[in-house]
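Subject: Handover of a structure, with notes

Dear colleague,

I am passing on the structure below, together with an account of what was found in it. Please read the notes alongside the coordinates.

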Amino acid sequence: MIILGIDPGTKSTGLCVLEYRGDTSKIIKTLTISTPSDFDIIRRVCYIYDAVSVAWAESLPDLISIEEFSYQGRAITVDAQGVNRVIGALYLLSERAQIVMLDAADWKLALSRNVPSSAGKKSLDFAVRRSVELRTGHSFGSAKQHEIDAAGIALVAGDRWPLILKAGD
């Protein structure tokens with residue numbers, strides 16, 4: 001199964017095209033879409049949507065997995081509202097493939113089981129990176145965290161897909 005994992009943001013969005021095979025999954029492509037700093041929010045959303053559409057057309061995924069944005073403990077800023085606009089635009093892809101939304105804290109904890117939930121962001125990010133690299137055999141080197149997170153989102157969506165299908169019956 002081919003999964004397009006997306007870690008949305010307004011300044012940059014991470015993508016990963018993953019061939020899901022459990023613990024022997026293969027990363028086909030990772031990409032960070034960085035929007036020009038002089039773009040307003042509407043142009044940023046369009047820019048990201050266009051780039052994700054190209055990635056979709058190139059990979060024809062069976063499943064699209066997007067990190068869900070949560071306001072828990074965060075101020076409702078213009079950037080936060082922008083991320084929700086990006087996610088809303090990406091829902092237009094649902095005509096092309098099934099979409100699964102994953103809570104940020106939930107999918108990260110699923111990949112970093114041995115790290116306490118009280119661990120800091122750097123420890124959690126490192127555990128996610130290590131887990132994704134072990135399961136895919138892919139070395140991220142100096143890749144941006146958005147790409148690593150997009151790969152993690154795709155892996156967890158693949159792990160949960162049978163349960164999601166069963167819940168939909």
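A polar contact is a pair of N or O atoms within 3.5 Å, where, within protein, one atom must be able to donate a hydrogen and the other to accept it, and where residues adjacent in sequence count only if both atoms are side-chain atoms.

Residues are numbered from 1 along each chain as its sequence is written, and side-chain values use heavy atoms, with hydrogens and water left out.

Confidence

The mean pLDDT (the predictor's confidence in each residue, from 0 to 100) of the protein chain is 84, and 86% of its residues reach 70 or more. Confidence is highest in strand β3 (residues 26-34), at a mean of 95, and lowest in helix α2 (residues 78-90), at 70; helices here are DSSP runs of H or I with at least four residues, strands are runs of E with at least two, and both are numbered from the N terminus. Where pLDDT is low, the predicted coordinates should not be read in detail.

Helix α1 covers residues 41-59, 19 residues in total, and reaches 27 Å from its first C-alpha to its last, close to the 27 Å expected at 1.5 Å a residue, the expected span being 1.5 Å times one less than the number of residues. Its buried residues (buried meaning under 20% relative accessible area, exposed over 50%, and partly exposed in between, with a 1.4 Å probe and protein chains only) are R44, V45, I48, Y49, V52, S53, A55, W56 and S59. They cover an arc of only 165° around the axis, which puts them on the same side of α1; the arc is that of the directions from the helix axis to the C-beta atoms. On the other side of α1, I42 and E58 are exposed.

Phi of L60 is near 45°, a positive value in a residue other than glycine, and L60 is exposed, with a relative accessible area of 52%.

In helix α3 (residues 104-111), the buried residues are W107, K108, A110 and L111. Their arc around the axis is only 155°, which puts them on the same side of α3.

Salt bridges

Nine salt bridges were found in a search of the whole structure, a salt bridge being a side-chain nitrogen of Lys or Arg within 4 Å of a carboxyl oxygen of Asp or Glu. One of them joins E133 to R129, with the closest N and O atoms 3.5 Å apart; E133 and R129 are four residues apart in helix α4 (residues 121-136), and are therefore separated by about one helical turn. E133 is partly exposed, at 24% relative accessible area.

Another salt bridge runs between D159 and R135, whose closest N and O atoms are 2.7 Å apart. D159 lies in helix α5 (residues 145-168) and R135 in helix α4, so the pair ties together parts that are 24 residues apart in sequence. R135 counts as buried, at 12% relative accessibility, whereas D159, at 31%, counts as partly exposed. Salt bridges that share partners also join K108, K121, D125 and D149 into one network.

R21 and its surroundings

R21 sits in the loop between β2 (12-19) and β3 and is partly exposed, at 43% relative accessibility. The side chain of R21 meets that of E19 in a salt bridge of 3.4 Å, N to O, and E19 is partly exposed as well, at 26%. The R21 side chain also reaches the backbone oxygen of T24 at 3.0 Å. The C-alpha atoms of R21 and D159 are separated by 9.1 Å, although the two residues are 138 residues apart along the chain.

With best wishes

Terms used: This is a predicted model: local features need pLDDT of at least 70, side-chain atom pairs count only at pLDDT 80 or more; totals for chains, interfaces and linings use all residues.
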